[in-house]
Amino acid sequence: MTTSRIIQVGSVPMGGGSPVSIQTMWDKPVSIVDDSLIAAVDNLNRKGCDLIRFALPNLQAVDQLAPLLKKTTMPLVGDIHFDYKIALKAIEAGFHKIRINPGNIGESWKIEEIIAAAADHGTVIRIGANEGSLNTSGEWSASARSQRLVEAAEGNLEIFERKGFRDIVISLKSSDIDVTYLSNKEFRKHHDYPLHLGITEAGPLIPAIVKSTIGLSGLLKEGIGETIRISISDSPEYEILAASELLTNLGLKKGRIKIISCPKCGRTSFDTHGFLESIKEELNTLPLEASVAVMGCSVNGPGEARHADLGITGNGKQVLIFKQGEIIRREDICSAKEAFLEELEQLRQEFSS
Ligand code: SF4
């Protein structure tokens, strides 16, 4: 299996054994870079987002978004269709990467101009091949469809390779998990460009996470895929949390808390669902590689979560806080959050010393 070459997207290395990066796409038009946009982008970054893509539907959008380049350390990706002048302007403005579909840019001289500008500015180009733009409906098998997708990507690559441009990321997207798996696997056999993985149009929250997990896990376990996006018809924050969770569970992302929690049942004396919700910010952002358990009762709580680095469980009107199976605190339920967060911070200090 060919391993990927390494390219640099702003501050984020992609490929060549670098950590698999996580990205999302901003889900609204942007007319101004204001404090709320900057705060939202920072929030995504703290939750695990490594780079973020914005639609650039026209030349004006480049001007409107360009100030963000100076307000975040995250590399920005411009998503461009149809008009090569938008790509030139985004490159000139300093976008670290652009995503284009050469098929809708038009004549080859326009693509050559984009390539020349990107080479001058050190801009990475993602070339997207999408099954939706190929006529593969009907009797086509998954393997025939994936072959068509690979051929489409290779066709798009020709002009870039002729010009000696290699700062390229490739995506082969389908809403079908088998086509996604087969096409990316086949492409990697022959090319060393970093691959952007994702299941396109994967649906609302739960279906999207299930489909994406099935579709991407096999590839990632085989070392295929240098950057991922979990596409969800919901907020970008969910995309980042789902991608972080997937990579953490595959052992491809370090420094995050692994959560063990019980679903609750008739024995519950502690609202695990509400408690998790109340501390989700800390659980999702604290740089701590540890397991944390939140259990509903003491019948199974400390026992089932014995191996957790830190845990809390209901015990009548109280909660028990335990560390590696040993009970270290008993608290009233009303002071559970404060006590648990104190212990979480203590654990972070112990793990970082
Ligand atoms: S830990 Fe207790 S409350 Fe939670 S599911 Fe198990 S038995 Fe039920």
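Mentor: Let's begin with the buried residues of α1, which are Leu37, Ile38, Val41, Asn43 and Leu44. Buried means under 20% relative accessible area, exposed over 50% and partly exposed in between, with a 1.4 Å probe and protein chains only. Helices (H or I, at least four residues) and strands (E, at least two) are DSSP runs, numbered from the N terminus. A word on the source: this is a predicted model, in which local features need pLDDT of at least 70 and side-chain atom pairs count only at pLDDT 80 or more, while totals for chains, interfaces and linings use all residues. Residues are numbered from 1 along each chain as its sequence is written, and side-chain values use heavy atoms, with hydrogens and water left out.

Helix α1 covers residues 35–46, and its end C-alpha atoms are 16 Å apart, which agrees with the 16 Å that its 12 residues should span at 1.5 Å a residue. That expected span is 1.5 Å times one less than the number of residues. An α-helix has 3.6 residues a turn, so residues three or four places apart point the same way.

What covers those buried residues? Among the covering elements are β3 (21–25), β4 (51–55), α8 (236–249) and α10 (280–285), where contact means heavy atoms within 4.5 Å. Just after α1, glycine 48 takes a positive phi of about 125°.

Two of the covering elements, β3 and β4, pair in the parallel sense over 3 bridges; strands count as paired if DSSP finds at least two bridges between them. In this pairing, methionine 25 stands opposite arginine 53 in β4. Both strands belong to a closed barrel of 8 strands, β3-β4-β5-β6-β7-β8-β9-β10, with parallel pairing.

Elements giving two or more residues to its lining include α8 and α10, and α8 supplies the largest share, 7 residues. The lining has 20 residues in total, with Tyr238, Leu241, Glu245, Ile259 and Asn284 nearest the pocket's centre. A pocket is found on a 1 Å grid over the protein atoms alone, as an open set of points where a 1.4 Å probe fits, with protein on both sides within 12 Å along at least five of seven lines; lining residues have an atom within 4 Å of a point.
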